[in-house]
Protein chains: 2
Amino acid sequence: MIIIKIGGGREINLKGVAADLALLKEPFVIVHGANAARDELDEKLNKQKKVITSISGYSSVFSDEDTIDLMMMAYAGLKNKRIVELLQQAGVNAVGLSGLDGKMIEGKRNTGIKVREEGKTKIVRDFSGKPKKINMPLLNLLLQNGYIPVLSVPIIDENNFAINSENDDIVALLQSELKADKIIQLIEAPGFLADKNNPDSVVKNISQKELEALENQVDGRMKRKILALRKLFEAGPTTVFIYDGRAEHPVIDALNEKGTKVE
Amino acid sequence: MIIIKIGGGREINLKGVAADLALLKEPFVIVHGANAARDELDEKLNKQKKVITSISGYSSVFSDEDTIDLMMMAYAGLKNKRIVELLQQAGVNAVGLSGLDGKMIEGKRNTGIKVREEGKTKIVRDFSGKPKKINMPLLNLLLQNGYIPVLSVPIIDENNFAINSENDDIVALLQSELKADKIIQLIEAPGFLADKNNPDSVVKNISQKELEALENQVDGRMKRKILALRKLFEAGPTTVFIYDGRAEHPVIDALNEKGTKVE
């Protein structure tokens, strides 16, 4: 079993990804992003991304109903269906599902964030949360019948509302169930970079031990990335391949260790 | 078996539809539109619907790649997932699929339209076509495992490209396979109107014989509607209920013959 996480960048070579995936001998499950498509649509619709700041000073995107609409359009609609189309053209019988469909990905909605507004402290609650459960019977039903699941947000919360969620958390949850021996992450960089501004600084090999050490050395976005990587090993041994989704053969090259290998 | 066709109008009471559907004892399959959502998005994105006129004088919408993008966003994305969400909230384990997913609805792309451009006759071909085949093993797999399929365009053509198609043709094709004893069509009118401008002109009962006679009396949009109705009977006897999707109980009322019954 292989889990493929396709980043949502504009330059990901989806046609190349689809062609490569058609050559895989093992079954696989795809989780994809759509940031670029979402941002582009957002801009065209003249919507401003809402950012709120908690009283503890932490800033985050506020996912209101409009945000979920946008997510349904960009992730579950445009990107999911274009990926399914490319896979079908490559000979892979893909089925695209959001987390809502058959409750494929159930989550728990965040309880809310304390904010200060007009001199008053109040709690605001958006449509976001953490994935908690994969519908394994449905996932297996598809896989056993030759269908490749292509998953995207939104996911469904405990009251059956659509909520936003992090793809890293979805992949980690999937891995806790599937225990895939390989996880491929396709991004818009040649691998895990020691210096994010230097594409020549690809770290070729990272061990789990090194991940722990790295986590204590860095912060911000980098810390979250490393934490997400560490979570993938909680379900047991696996190998994570991080590689450039813009390459001609993103998946084949990733498996041939052209990017970063974490194990 | 019941087939539910939900119109794509803005005022359809989807929450009421979902609540009613949760009460049905029989299995059902949904096909939905999203015209209003598509047009709204279209307008916001400042795209002009492209209309072409053939040399024989017939005008039709030209579905280019942008049109398919829009369709993926409005139909397979926004509308499909909001319907799935409402069904899940009502306790129906819905799975939303476009015709691309698992090749649920395969079609044949239109060959092209002869147009006159700058004094020359040329053939233009868009991404549209006719549905030809339903993936019945996948549809049955879902139904047999307790999932309710919620289907939308785009569908997939013979070369695995996403194409636009008429929902009436999809419903007729579904009926040729499912032979549902009931077909419910929810629209933004209280039933089949003798005079489209008079909501009090609902025709309560129409027989198949009357459909044939009507088809010869009318033309344009009305003729196409009647032809679509007639096609539903080609697979054998059924009852078609046409009713107001804006009602409080669209499905229950439709089955209670509050609108038009065709049989």
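Biologist: Which residue of chain B comes closest to the rotation axis?
Modeller: This is a predicted model, where local features need pLDDT of at least 70, side-chain atom pairs count only at pLDDT 80 or more, and totals for chains, interfaces and linings use all residues. Residues are numbered from 1 along each chain as its sequence is written, while chains are lettered from A and ligands numbered from 1 in the order in which they are written. Going by C-alpha, at 1.8 Å from the axis, the residue of chain B that comes closest is B:G77.

Biologist: By what turn can chain B be laid on chain A?
Modeller: Copies are superposed by least squares on the C-alpha atoms of residues with pLDDT of at least 70 in both. The RMSD is 0.0 Å and the shift along the axis 0.0 Å, with a turn of 180°. That is why the relation is that of a two-fold axis. The turn asked for is 180°.

Biologist: How many residues of chain B are in contact with chain A?
Modeller: Contact means that C-beta atoms, placed from the backbone, lie within 7 Å. On the chain A side, 29 residues take part, and on the chain B side the number is 29.

Biologist: Which element gives the most to that side of chain B?
Modeller: Helices (H or I, at least four residues) and strands (E, at least two) are DSSP runs, numbered from the N terminus. Two elements of chain B give two or more residues, α3 (65–90) and β5 (94–98). With twelve residues, the one that gives the most is α3(B).

Note on methods:
Two residues are in contact if their C-beta atoms, placed from the backbone, lie within 7 Å.
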